[in-house]
Amino acid sequence: MIAHLGPSFFTKYLYFAGAGYADHPCLILDRRVAAALGHAGWNSLHPAGGWPAETYERYCALLARWGRRSGEVRPDLFERWLFDNGGAG
């Protein structure tokens, strides 16, 4: 464990370890993303963090589903949209 670097940082590490490959399953999950999901009605994420691995896994699966259903949008682009819109509200 690295002092002062929590789960949000670790999800960034996992995402960037994927080197931008579209089929890499890891996404970034931080407070802004959690807040945007909460605004959309996905209330299992507390915006302050502290999410267990199972919650992160469900989040990644959710965005993968969105990507498959869209047929065109990669899951990390959904994550980016959530991040950009998570500060509102």
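When I say that two residues are in contact, I mean that they have heavy atoms within 4.5 Å of each other. With that in hand, hello everyone, and let me start with one residue. Threonine 55 is in contact with Trp42, Ser44 and Leu45, once we leave aside its neighbours within four places in sequence. Threonine 55 has its place in helix H3, and it is buried, with a relative accessible area of 8%.

Please keep in mind that what you see on the screen is a predicted model. Now let me step back to the whole protein.

Let's walk along helix H1, which covers residues 7-17. Phenylalanine 9 is found here, and with a relative accessible area of 39% it is partly exposed. Phe9 also belongs to a nonpolar surface patch of about 410 Å², made together with Leu5, Phe10 and Tyr13.

Two places further on, we come to a residue with another setting. Is threonine 11 buried or exposed? Threonine 11, also in helix H1, is buried, with a relative accessible area of 6%. Its side chain reaches the backbone nitrogen of leucine 29 at 3.0 Å. Beyond its neighbours within four places in sequence, threonine 11 is in contact with Leu27, Ile28, Leu29 and Tyr56.

Next comes lysine 12, and with it a salt bridge. Side chains of opposite charge can pair when their charged atoms come close. A search of the whole structure finds three salt bridges. In one of them, the side chains of lysine 12 and aspartate 30 meet at 3.6 Å, N to O. Lysine 12 lies in helix H1 and aspartate 30 in the loop between H1 and H2, so this pair ties together parts that are 18 residues apart in sequence. Lysine 12 is partly exposed, at a relative accessible area of 29%, whereas aspartate 30 is buried, at 8%.

Our last stop on helix H1 is tyrosine 15. Which residues does tyrosine 15 touch, not counting those up to four places away in sequence? They are His24, Cys26, Leu27, Ile28, Arg74 and Asp76. For one of these, leucine 27, the C-alpha atom is separated from that of tyrosine 15 by 5.1 Å, although the two residues are 12 apart along the chain. Another is aspartate 76, whose side chain makes a polar contact with the side chain of tyrosine 15 at 2.7 Å.

Aspartate 76 is buried, with a relative accessible area of 11%, and arginine 74 is partly exposed, at 32%.

Aspartate 76 brings us to helix H4, residues 75-85, where the buried residues are Pro75, Asp76, Glu79 and Leu82. Where do they sit around the helix? Seen down the axis of H4, they fall within an arc of 110°, so they line one face of the helix. An α-helix has 3.6 residues a turn, so residues three or four places apart point the same way. And what do the buried residues of H4 pack against? Their partners are H1, helix H2 (31-39) and helix H3 (53-70).

Arginine 80 counts as partly exposed, at 48% relative accessibility, and so does aspartate 84, at 42%.

To finish, here is the picture to take away.

Notes: Residues numbered from 1 in each chain as written. Predicted model: local features only at pLDDT ≥ 70, side-chain atom pairs only at ≥ 80, totals over all residues. Heavy atoms only, no water. Patch = residues over 30% accessible without salt bridge, like charges linked within 9 Å, V, L, I, M, F, W, Y side chains within 5 Å. Areas by Shrake-Rupley, 256 points an atom, 1.4 Å probe, with all protein chains shown as cover. Salt bridge = Lys/Arg side-chain N within 4 Å of Asp/Glu carboxyl O. Helix = DSSP H or I, 4+ residues; strand = E, 2+ residues; numbered from the N terminus. Buried < 20%, exposed > 50% of the residue type's maximum accessible area, 1.4 Å probe, protein only. Arc of directions from axis to C-beta. Polar contact = N/O pair within 3.5 Å; in protein donor to acceptor, adjacent residues only side chain to side chain.
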